Amino acid sequence: MTSASPETLLDALKTSFAASLRAPDGVAPPAALLWTDADGHWKPLLPALMKALPELYVLGPYAPEERQGPVIWLKCIVERTLPDVSPAPELAPILYLPNVARQDLRAGGDFPAKERHLMPLVELQYRGAVWHQRNGRDWTVEAILTSEDALGLDVARDQRTRDAMLRALPLLAEEPIAALRGRRLEADDFDRLAIGDPIRDLLTWMSDREAFEGRCDAGRWATFRDVCVREFGFDPDQDGIQAAADALLHGGGKWNEVWQRFCDAPNLYPGISAVLRQARPKDLLGLVDQSRRPGLNDEREDKLRAALEAVVDLAHAQACDKIIALDEEHKERRGWVWAQIGESPYAVALEPLGRLARAARRPLGGATVEALIADYASEGWRCDRAAIEALSSLKPGNENNLVTKVVRALYEPWLDRSARRFQELLSTDGTDPAKLASGVSADWETCVLFADGLRLDLGMMLLERLEARGLKARMSHRVAPIPTVTATAKPLASPAHGACSGGADAEDFYPLIAESGKPANAQRLRDAMARQGVEVLDAEEARMAVGAEAGAWAEIGKIDSLGHSLGSLLIRQLDPEIEAIVDRIEGLLSAGWGAVRVVTDHGWLLLPGGLPKVDLPPYLVATKWARCAAVQGGSTPTVPTYPWYWNPLLRIASPPGIGAFLASTEYTHGGVSLQECVIPELIVERGEAAVAASITEISWRGMRCRVAVETNVSGLKVDLRLNWKQAKTSIVAAPKELGSTGETSLAVSDDSHEGAAASVVVFDQTGRVLDNKPTTVGEET
């Protein structure tokens with residue numbers, strides 16, 4: 001059962017009952033399940049179990065309305081002669097026998113006189129099943145909690161702990177088991193369950209009143225009601241949810257603590273949002289904290305949605321100005337609790353949209369093609385990155401569709417103008433596109449890592465992640481050859497480019513291996529590099545070649561192939577692709593390579609909804625792809641043409657601006673634009689000083705943990721996890737970034753974790769754990 005990870009003790013019992021009733025193939029299912037409990041320790045759990053298991057019946061005085069009765073009545077239940085109280089046909093009865101041991105039933109005819117009333121149950125051992133451990137013993141409370149066949153908790157074996165465990169049994173029924181793992185449970189741990197948490201209980205009740213009240217017996221409800229009257233000033237019976245919602249909206253006194261607890265972990269209380277929508281402000285003068293009003297947030301989201309819909313129809317300059325203004329107006333709401341639970345999607349999307357608008361209203365400058373390229377490599381790529389981040393800010397749905405339209409309204413005009421300016425400068429007299437492009441060389445003890453389709457903005461992202469891991473990286477840029485397709489551009493990105501030459505036609509855009517006269521495909525390029533002494537590494541291979549005088553060549557990445565297959569959905573695959581490149585670089589450096597030179601062949605254009613269609617008559621060209629075509633003989637197409645890099649006597653047609661020769665093209669390359677032509681190149685070496693971080697102090701005040709860290713970098717984050725290796729086991733609302741003093745504090749909102757064994761974790765921007773130290777939640781130091 002531990003592998004199934006039951007959430008509560010109640011879940012564990014139901015799973016175990018079901019397993020005991022499961023019959024092998026070809027064998028009749030058990031008529032009933034006998035549950036013996038020699039000491040009656042399971043009795044306190046009966047109220048919860050009777051609610052959860054309609055097939056559960058109890059041996060005791062006759063009380064059919066409580067599903068309880070003597071042995072003969074239980075036999076009638078098994079035989080289903082009492083249809084009004086018998087379980088559904090598909091359910092086998094579970095018979096709980098308090099103060100009856102399994103060996104009593106096994107004794108058969110040797111019953112003592114006082115136990116002979118049990119004799120009719122003996123035959124059910126054979127027609128039914130008995131709930132017991134693998135060793136044949138009864139399942140005691142301690143056994144179900146500690147056995148590896150059940151919950152596998154670490155519980156102290158002293159009598160005080162056993163007594164506390166039994167006292168806490170009703171509370172254990174629905175306590176999340178995860179909160180009890182990872183530490184040794186003693187008497188105080190079980191006693192702490194009975195103390196309760198008034199704020200948590202109040203929020204839980206407000207979030208799901210029916211479920212909370214369903215878990216309360218009369219005593220617990222009376223206690224909860226008394227606490228609400230004394231501490232929060234309202235009676236849940238008399239005043240109801242409405243009074244609690246009004247009080248939470250207006251705050252003051254203890255209600256400010258309730259609000260802060262909700263803000264620390266809003267996902268634990270999903271119903272609070274709906275409750276607060278019904279709250280009644282006492283004034284209309286704006287004196288209420290506006291951030292507490294989900295209805296107001298809804299109104300502003302609706303208003304923002306309408307404004308975004310209107311942006312789509314504005315002129316480009318006006319659209320940019322409007323988005324910037326909207327970002328200023330709504331940025332405060334990104335800090336409201338409703339943004340954390342997904343109720344402010346448009347306000348959240350405005351952050352990258354605002355960056356996109358600011359970048360897109362600035363035209364790229366430069367009187368020469370070299371100056372324009374430099375401006376793009378310095379600042380222009382930020383527009384591409386903001387567009388990508390805006391497109392990936394939301395999950396698919398109506399909000400995403402609207403944001404996509406806004407991205408297109410902001411991005412497409414800037415993209416097209418930049419491309420046309422680049423094409424204009426590239427076509428001026430005296431400008432030779434081929435002289436702008438440059439090949440890649442192999443150096444001693446350097447591995448050239450070819451990352452397919454690594455556009456400049458992604459190269460900048462890669463640079464940030466490399467530096468965050470403590471690697472030393474230098475970024476520069478190259479210009480891809482025309483046309484910017486793999487067949488033409490990859491040979492120039494390899495150390496074998498000197499072995500290539502142009503053929504008599506450019507129909508497939510491949511140059512030839514001069515020695516053989518065959519197209520320079522991937523395998524022939526590798527063979528040519530090997531002949532030059534370049535070590536060619538297989539996928540995932542990171543060995544250091546002996547001597548390595550001519551360096552090595554390795555490849556990684558599926559960015560381009562994913563773009564062609566997924567179109568605009570590529571954006572959701574970029575992050576793991578960048579991470580894979582970082583890991584490959586680290587592996588190569590760890591293998592002994594002195595440096596890794598990251599290169600690529602071309603960039604790409606991406607525009608949701610498709611690039612503008614440009615017509616090109618097929619009789620004018622020998623080959624036509626989305627962004628390039630090989631001109632047929634002496635034809636004169638009306639679109640711009642450029643010399644093919646590998647044979648300048650042959651011409652390549654390219655659509656003006658960001659047009660495409662094929663309709664409905666969202667992702668492509670092969671043409672002439674800054675995004676396709678200006679590509680990154682990085683030299684990566686091991687940093688002189690690796691990123692270091694050491695936790696120097698952990699202290700607790702209540703449920704708030706203060707952490708001090710010694711480190712040589714900034715931007716690190718601190719988390720509190722039940723398992724230091726797994727981010728999903730975090731028990732705080734969100735990791736905190738270290739302050740300039742190297743300190744931060746973390747609040748644990750769920751008091752059920754008090755006393756739990758946890759780990760303070762320091763990690764970098766990539767999620768790599770740099771240090772971790774154990775602690776006990778809430779332990780005063």
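Trainee: What makes the pair Arg385 and Glu464 a salt bridge?

Mentor: The term asks for a side-chain nitrogen of Lys or Arg within 4 Å of a carboxyl oxygen of Asp or Glu. The closest N and O atoms of Arg385 and Glu464 are 2.9 Å apart, so the pair meets that rule. Keep in mind that this is a predicted model, where local features need pLDDT of at least 70 and side-chain atom pairs count only at pLDDT 80 or more, while totals for chains, interfaces and linings use all residues. Residues are numbered from 1 along each chain as its sequence is written, and side-chain values use heavy atoms, with hydrogens and water left out.

Trainee: Which parts does the pair of Arg385 and Glu464 tie together?

Mentor: Arg385 belongs to helix α20 and Glu464 to helix α23 (residues 456-468), so the bridge links parts that are 79 residues apart in sequence. Helices here are DSSP runs of H or I with at least four residues, strands are runs of E with at least two, and both are numbered from the N terminus.

Trainee: Why is Arg385 called buried?

Mentor: Buried means under 20% relative accessible area, exposed means over 50%, and partly exposed is in between, using a 1.4 Å probe and protein chains only. Arg385 has 15%, so it is buried. Glu464, at 36%, counts as partly exposed.

Trainee: What makes Arg362 and Asp375 a salt bridge?

Mentor: Their closest N and O atoms are 2.8 Å apart, and the pair is counted as a salt bridge. Arg362 sits in the loop between α19 (345-360) and α20 (369-391), with Asp375 in helix α20, so parts 13 residues apart in sequence are tied together. Against the accessibility scale, Arg362 is partly exposed at 36%, and Asp375 is buried at 13%.

Trainee: How are Asp416 and Arg420 separated in helix α21, and why?

Mentor: They are four residues apart in helix α21 (residues 398-426), so about one helical turn separates them. Asp416 is buried at 18%, and Arg420 is partly exposed at 41%.

Trainee: How many salt bridges does the rule give?

Mentor: The count comes to 51. Some share partners: Arg465, Arg469, Asp575, Glu579, Asp583 and Glu586 are joined into one network.

Trainee: What does Arg465 touch, leaving out residues up to four places away in sequence?

Mentor: Contact means heavy atoms within 4.5 Å. Arg465 touches Asp575, Ile578, Glu579, Val582 and Thr766 with those close sequence positions left out. Arg465 is in helix α23 and, at 17%, is buried.

Trainee: Is Leu202 buried or exposed, and what makes it so?

Mentor: Its relative accessible area is 0%, so Leu202 is buried. Leu202 lies in helix α10 (residues 198-207). Not counting residues up to four places away in sequence, Leu202 has contacts that include Phe224, Cys228 and Trp255. The C-alpha atoms of Leu202 and Cys228 are 7.7 Å apart, although the two are 26 residues apart in sequence.

Trainee: What makes a space count as a cavity?

Mentor: On a 1 Å grid over the protein atoms alone, a cavity is a set of points where a 1.4 Å probe fits but cannot get out, and lining residues have an atom within 4 Å of a point. The whole structure has two cavities of 30 Å³ or more.

Trainee: How do the residues lining the largest cavity divide by class?

Mentor: Eight are nonpolar, none polar and none charged. Nonpolar covers Ala, Val, Leu, Ile, Met, Phe, Trp, Tyr, Cys and Pro; charged covers Asp, Glu, Lys and Arg; the others, Gly among them, are polar. The lining consists of Phe422, Leu426, Pro433, Leu436, Val479, Ala480, Ile482 and Cys677.

Trainee: And which residues line the second largest cavity?

Mentor: Ala387, Ile388, Leu391, Tyr411, Arg455 and Leu606 do. By class, five are nonpolar, none polar and one charged. Arg is in the charged list, so Arg455 is the charged residue of this lining.

Definitions and conventions
On a 1 Å grid over the protein atoms alone, a cavity is a set of points where a 1.4 Å probe fits but cannot get out, and a pocket is an open set with protein on both sides within 12 Å along at least five of seven lines; lining residues have an atom within 4 Å of a point. Grid points are joined across faces, edges and corners, and a volume is the space filled by probe spheres set on the points.
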